[in-house]
Amino acid sequence: MGKGSDVQMMGSLMTLQRGKQLLVQLNRDSSRLQLVGYLLAGFFLSAAALNRDFQPIVMGFCCAVGSGWPGIAIALGGCTGYLVFWGAGAVQGLAWMIGGLLVGGFVADRPICARQKLLVPALAALIVAGCGVLFLFHFQDTTTIPAYLLRIASAVGAAAVFQACRQCPGTAADWLAQALIVLALAQVMPIRYLGLGYIAAGYLGATGGFPAAVLSGVALDLAQITRIPMTGALCLGFFLRLIPQQNRWFTSLCPALGLIPMAVLTGHLDMMPLPGMLLGGFLGGILPGRSNVARTVHRRGETAVAQVRLEQMAMIFAKMEQDLLICDPILDRSSVLLRAADEACDNCPERRQCKARQTVLEMPPGILEQPGLSVQDLPKGCRKQGRLLQEVRRGQEQLRRMKADRNRLCAYRTALREQYGYLSLYLQGLSDELAAAKPFKPARFEPDVGMSTQARQDVNGDLCIWFAGTGNKYYVLLCDGMGTGAEARFESEEATQYLRQMLTLGFPAEYALRSLNSMAVLREKGACATVDLLQIQLDSGKAELYKWGAAPSYVQHKGQLRKIGTAGPPPGLSQRQRETVDRLSLSGGEVLILLSDGAGEEMLLRNHWEPEKMSTGEMAANILEQGNDSGDDATAVVVRLKPSGLSTQ
């Protein structure tokens, strides 16, 4: 039995080893095939021409691909292609490839290229321009200046297109890259009446969308290999694909069917493109993984499926909320009292013959709740009443600790239950938004926010940010950390980051604030930071000001100053707390002033500035200059709306 198991184990190990070797070999084969693909791509892209003059498109491809063996393979393929297709006159192409290899190897993969997207195209243009000047003066090149400018433009365009395809696949740059490939293949004709450019155009015309058909035709027209307007022919073929009740083979014939009428209409009966167009369309019909893009594929039910999933998740979170509501830990007072009686009787010499034993064990549990417990409250007949009183008092202390733990757990459970409730309501709201397609309303206003702040230490405990939310919502958030210095700053940054993440995802403002309160309760970080949250609808100018522990705010309009809100306890102290909300409008030129605890008072705001003549930043600075006389950090924020399209001050 043991030998059989060992043999079986050895067989399994050998099988795993062979599988590993096979995977390694497949990986190596795949890498080799990719290098061959890069080599062929460089070879054929070197055939690209405009006005019958070779172009540095393959050099732009080499610049965009980056370092490593792929770049080397493209450079070798490009050098070979220039020599094969253009002969000794394309020595300048070898210089292009050396420059492209250097750019791809040392620059293309650096982070700066992701930030400065025009850097690689600019370097490609510099290579072509430098080589052009060098060959013009030192090798007496006869290429004209317009031809050099065209080469520079093609190098910039190719580098930009291939870089965009590499960084953001699936965008419109893919269509331009396909057009560049057709332009290059248009010059390659292995046998008469069978050009690779026509095959590629026929394939794209049968399988691609309208942009692919148009750009493929433009590429063939720029290559100047036929007098038939190929852009019109491929567009006509695309419209033939829109005929209903057609089969796959008719779609494959559409590029060629569009060619024939265009040749007749223009009077250029050139049938050279016809075989390639037929072969390309046929390949588009038989190759796997291709779909008829011309026919719009309606994915019916996907929105409904997403809506159902959101509703199911909302129901799950609602069920979890109810389960947490039902679950309530019970304090077993009888067990605590029984343990206290056992501890008192363990050392009693008459514990076995004690007549008061049963009376002690039957003490009412309510005795643990009785304040000022004394010997008179204990059962009579016990000879160790002092010991019993001591143990019962210990039981009372244990019960108090159990109550405190129970209250703490109840607070935690309530906070967690509310989090599940907020998630349930949020997911249900997303489901309702999928079902009801609301018309988009353009923004009528632009926010104009100014802020001024002063710190009492090196680090300011106040923090104010403003940012855009979902739809036309805009938020101004002011958090005042408790106290001053680095610790207060940490609290305000933590609250600000938490709220911003939730609000930018579309979480309702009141749920976000209550979630912050629940998190503070769960982490036992009460009174961490006060919150002023202003939510503005930029399409209507209406606003809602949420306050939780923050100082009062003020609205100024037409010389009148109105106080909003009153100071209260900050979040994190209790689950029973709630935010206050005031609804107002800022569409009529109203100015809203948000203040932290250390900023000025109403009299200072009333007397020392005129909103019509000052910017929001100047107003905020004036408020602090006139009203900051406390020892706390001070921040003043001024908010107003301007009609959309006007610049803010």
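Setting aside residues up to four places away in sequence, Leu-94 touches Cys-79 and Leu-83. The model in which these contacts occur is a predicted one. Leu-94 belongs to helix H4, which covers residues 91-106. Its relative accessible area is 22%, so Leu-94 is classed as partly exposed, given that the buried class ends under 20%. The C-alpha atom of Leu-94 is separated by 9.5 Å from that of Met-59, a residue 35 places away along the chain.

When neighbours within four places in sequence are left aside, Met-277 is in contact with Tyr-198, Ala-201, Gly-202, Met-230, Leu-234, Pro-255, Ala-256 and Leu-259. Met-277 is also one of the buried residues of helix H13, which are Pro-273, Leu-274, Gly-276, Met-277, Gly-280, Gly-281, Gly-284 and Gly-285. H13 comprises 14 residues, 273-286, and reaches 20 Å from its first C-alpha to its last, close to the 20 Å expected at 1.5 Å a residue. An α-helix has 3.6 residues a turn, so residues three or four places apart point the same way.

Attention now turns to open space. The second largest pocket holds about 250 Å³. It is lined by 15 residues, of which Leu-176, Ala-179, Leu-180, Leu-183 and Leu-222 are the closest to its centre. Two or more lining residues come from each of helix H7 (145-167), helix H8 (173-185) and helix H10 (210-223). H7 contributes the most, with five residues. By class, the lining has 13 nonpolar residues, two polar residues and no charged residues.

Strand E5 (473-481) and strand E6 (529-537) each provide at least two of the lining residues. Here the division by class is four nonpolar, two polar and three charged.

Helix H17, residues 385-435, holds Gln-419. With a relative accessibility of 14%, Gln-419 counts as buried. Beyond its neighbours within four places in sequence, Gln-419 is in contact with Tyr-498, Ser-515, Ser-518 and Met-519. The C-alpha atoms of Gln-419 and Tyr-511 are separated by 8.6 Å, although these residues are 92 places apart along the chain.

Two residues call for a note on backbone geometry. Asn-51 has a phi near 55 degrees, a positive value in a residue other than glycine, and Arg-52 likewise has a positive phi, near 60 degrees. Asn-51 lies in the loop between strand E1 (49-50) and strand E2 (53-54), and Arg-52 is found in the loop between E1 and E2. Asn-51 has a relative accessible area of 55% and is therefore exposed; Arg-52, at 61%, also counts as exposed.

The chain as a whole supplies the setting for these details. Its secondary structure comes to 21 helices and twelve strands. Of the 649 residues in the protein chain, 43% are buried. Among contacts between residues at least 6 apart in sequence, 71% join residues at least 24 apart.

Definitions and conventions. Residues numbered from 1 in each chain as written. Predicted model: local features only at pLDDT ≥ 70, side-chain atom pairs only at ≥ 80, totals over all residues. Heavy atoms only, no water. Contact = heavy atoms within 4.5 Å. Helix = DSSP H or I, 4+ residues; strand = E, 2+ residues; numbered from the N terminus. Nonpolar A, V, L, I, M, F, W, Y, C, P; charged D, E, K, R; others polar. Expected span 1.5 Å × (residues − 1). Buried < 20%, exposed > 50% of the residue type's maximum accessible area, 1.4 Å probe, protein only. 1 Å grid on protein atoms, 1.4 Å probe; cavity = no way out; pocket = protein on both sides within 12 Å on 5 of 7 lines; lining within 4 Å. Points joined across faces, edges and corners; volume = space filled by probe spheres on them.
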